[in-house]
Structure formats: structure tokens, C-alpha cells
Amino acid sequence: MKNIEVIGMPMKYGCMVKGADLAYEYIKDSLEKVLHTTCNNVVDVSFKNPEMHKNDKKLKYLEPVMEINKRLYTKTYKSLEENNIPLVVGGDHSQAIGSIKASLDYYKGDVSVIYVDKHADIHNEKTTPSGNIHGMPLSVCIGRCDHRFDIGTYNLKPENLYFIGLSNYEKEEMDYIKESNIFHLMDHEVNEENIGTIVNNIKSKLKTKNVHISFDLDSIKPEDFPAVNVAVESTYQDETGMSYNTAKKVLELLLKELNVCSMDFVEYKPTLDENKKCIQKIEELLKVIRENL
Ligand SMILES: [Mn+2]
């Protein structure tokens, strides 16, 4: 059995909303307790004068995001070399740049990505409406961004990308997904009853030996899991997303059925976690990871 290695990524430069950078420290005890591991591998997220890069030609914090992702890439690659399954705990979702590229390079391109997220995160520098790089990691991994985003060697093939739980995306993103024939299921198309069939379907389509799961907690509807980073204030109105039970089942079956080699776990925002209800759910999800990975 492979060992799960937690890599902390207290990243905040990928989006303008603050909070997810506190998640790793906040759930460290839960990670150690549930995964029976010691958490001492954290990416250095310091950067000299980050405010100078607040607006790198419309791309917010481009240099810090890429530099810090290169540090994550190095740690993730090393973890794979040491025969671990790296579980990268964010942070905002821009970390998928470093974690996915490391897996792709380590396995020489033989990796599929299952992206469990409400958002498509597949903008590039031309289409991004906000300039926030947490909306762009998949385009970086595919190699459809300009040279400023260069990292690693192997790119993700669109045919090896699978979306589960989408609900919130821009037209340019869905145009690209459809044009490229990328597998995608909306939040309302996934439930506890059909997820078994869905995972089997994905399994039969897989063209790679290895799978990276990128799990964004905002794929769960706010009613069930409000403490996520897209919520600027507690008045966040988006009612889309999968139920908590569905998302948990998605995670369980993906881990059970597929050869998962690396993972992201992102966008928890502890400052919105009233009564620590979400951290209890995080512990349950971590238990699912421990039992099925
Ligand atoms: Mn998201």
C-alpha cells in the first residue's frame, strides 16, 4: 500500500478572495489524526513584494503564482519519486498547476485528471474576465496559455480530462470544453444513485494508467458546505452544487475504482466555518480518502 503524503499549500495569490490560505494550518490536526501521518511538508509561499504583481498585465499575481507553483511542482515530483501519493492541501485552486504538472512529468504524460469542481477553471490569458489565475489552471496544464505560464514538460491532453459537478462557467470555457470533446457532467446530472454508473463509464473511457483527482470543496452546494473561498461574504447566493452526500460518494468511488496517483484538496475557508460544521465534514472526507486510496 502506498503512503499518503500531505503537502501543505497555503496559497492565496490565485484569487482575490482571502481565506483559503489559512485552511492547511487550520485542518492540520485533522489531517494528522485521520490520515495517521505527520504534516511537515509545506510549500514556502513567501514572495518578495507580491503587491508589485497585483496586476501583471491583467493577470493578477502572475509571477508569485507561477513561482510558488514551481516550488509545489518540485515537492510533488519528489513525493512521487519516493513512492508516495501526494495529497496537496490548499489553498486556492491555482495549485493544480504545480501538482498536475508534476504528476504528468513523473508519469511521462500518462495521467488523466478528474476535476471535481463547480467551476471549469479553464480560462486562459485571453478569455479570463477577472484575471484571477485560480480560474486558469487547467489551461496551463493543457498548454493553451502563453509562455509566461511555462512549467514542466508534459501537457494534459483534453481527452484525458473529466469534469464532475460543473455549474458555474463562462461561455468561452464551455465553448472550449465542447469543441475539444471534454467529458463533463453538471452538478444536477450527478447523484448518489447514478455515481456508480458514472465512475464505471469514466473507468471504461480512461486512456491512461494513472489518475489525478482535483477536488474542490465548492463542488458541494453551499447549503451543505458553506465554508469555501468563492464566498466573499456569508451572503453568497449561488445555490448550485452537489449535495454533500453525493460529493462524498463521488470521492469514495473514484478512489476505490481508479488508480489514483495524486490529489488536490482545495478552497476550504475556515473563517466562514461557523460552529466548525464543515471541519467535521472535512474529517469525514479525509476518512474516505484514507480508506479508499
Ligand atoms: Mn471552484
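**Close-up views of a predicted model**

In strand E6 (210-216), valine 211 is the bridge partner of serine 112. The model shown is predicted: local features need pLDDT of at least 70, side-chain atom pairs count only at pLDDT 80 or more, and totals for chains, interfaces and linings use all residues. Residue numbers start from 1 along each chain, as its sequence is written. Helices (H or I, at least four residues) and strands (E, at least two) are DSSP runs numbered from the N terminus.

**View A. Strand E6 pairs with E3 and with E7.** Strand E3 (residues 111-116) and E6 are parallel and share six bridges; two strands are taken to pair if DSSP finds at least two bridges between them. Strand E7 (residues 260-266) is also parallel to E6, to which six bridges join it. Within this pairing, isoleucine 213 is opposite methionine 263 of E7. Seven of the seven residues of E6 are buried, a residue being buried if 20 or more other C-beta atoms lie within 10 Å of its own, exposed if 12 or fewer, and partly exposed in between, with C-beta atoms placed from the backbone. The burial applies to both faces of E6: Asn210, His212, Ser214 and Asp216 lie on one side, and Val211, Ile213 and Phe215 on the other.

**View B. The open sheet has seven strands.** The strand order is E1-E2-E7-E6-E3-E4-E5, and the pairing is parallel. Strand E1 (3-9) and strand E5 (183-186) are at the edges with a single partner strand each, so one side of each has no neighbour in the sheet. On average, and with direction ignored, neighbouring strands are turned by 15 degrees against each other. Between E3 and strand E4 (161-166), which run parallel, there are four bridges. Valine 113 is placed opposite leucine 161 of E4. Helix H3 (96-106) lies across E2, E3, E6 and E7, and runs at about 180 degrees to E7. Such angles run from 0 to 180 degrees between N-to-C directions, with axes being lines fitted to C-alpha atoms, for helices over the stretch in contact.

**View C. Threonine 208 lies in the loop between helix H6 (195-205) and strand E6.** Threonine 208 is partly exposed because 19 other C-beta atoms lie within 10 Å. Leaving aside residues up to four places away in sequence, threonine 208 touches Asp110, Val111, Ser112 and Asn160; two residues are in contact if their C-beta atoms, placed from the backbone, lie within 7 Å.

View D. Ile195, Val199 and Ile202 are the buried residues of H6. Seen down the helix axis, these buried residues fall within an arc of 60 degrees, so they line one face of H6; the arc is that of the directions from the helix axis to the C-beta atoms. An α-helix has 3.6 residues a turn, so residues three or four places apart point the same way. On the other side of H6, the exposed residues are Gly196, Thr197, Asn200, Ser204 and Lys205. The cover over the buried residues of H6 includes strand E4 and helix H7 (244-257).

**View E. Helices H6 and H7 cross at roughly 35 degrees, their axes coming within 10 Å.** In this contact, H6 contributes Ile195, Gly196, Val199 and Lys203, and H7 contributes Thr246, Lys249, Val250, Leu253, Leu254 and Glu257. These residues divide into five nonpolar, two polar and three charged. Here Ala, Val, Leu, Ile, Met, Phe, Trp, Tyr, Cys and Pro count as nonpolar, Asp, Glu, Lys and Arg as charged, and the others, Gly among them, as polar.

**View F. Glycine 90 and glycine 91 are joined by a cis peptide bond, with omega about 10 degrees.** Glycine 91 belongs to the loop between strand E2 (84-90) and helix H3. Most residues other than glycine have a negative phi, and most peptide bonds are trans.

**View G. Asparagine 49 has a positive phi, near 50 degrees, and tyrosine 61 has a positive phi, near 55 degrees.** Asparagine 49 is in the loop between helix H1 (23-35) and helix H2 (62-81), and tyrosine 61 is likewise in the loop between H1 and H2. Asparagine 49 counts as exposed because it has 8 C-beta neighbours inside 10 Å. Tyrosine 61 counts as buried because it has 27 C-beta neighbours inside 10 Å.
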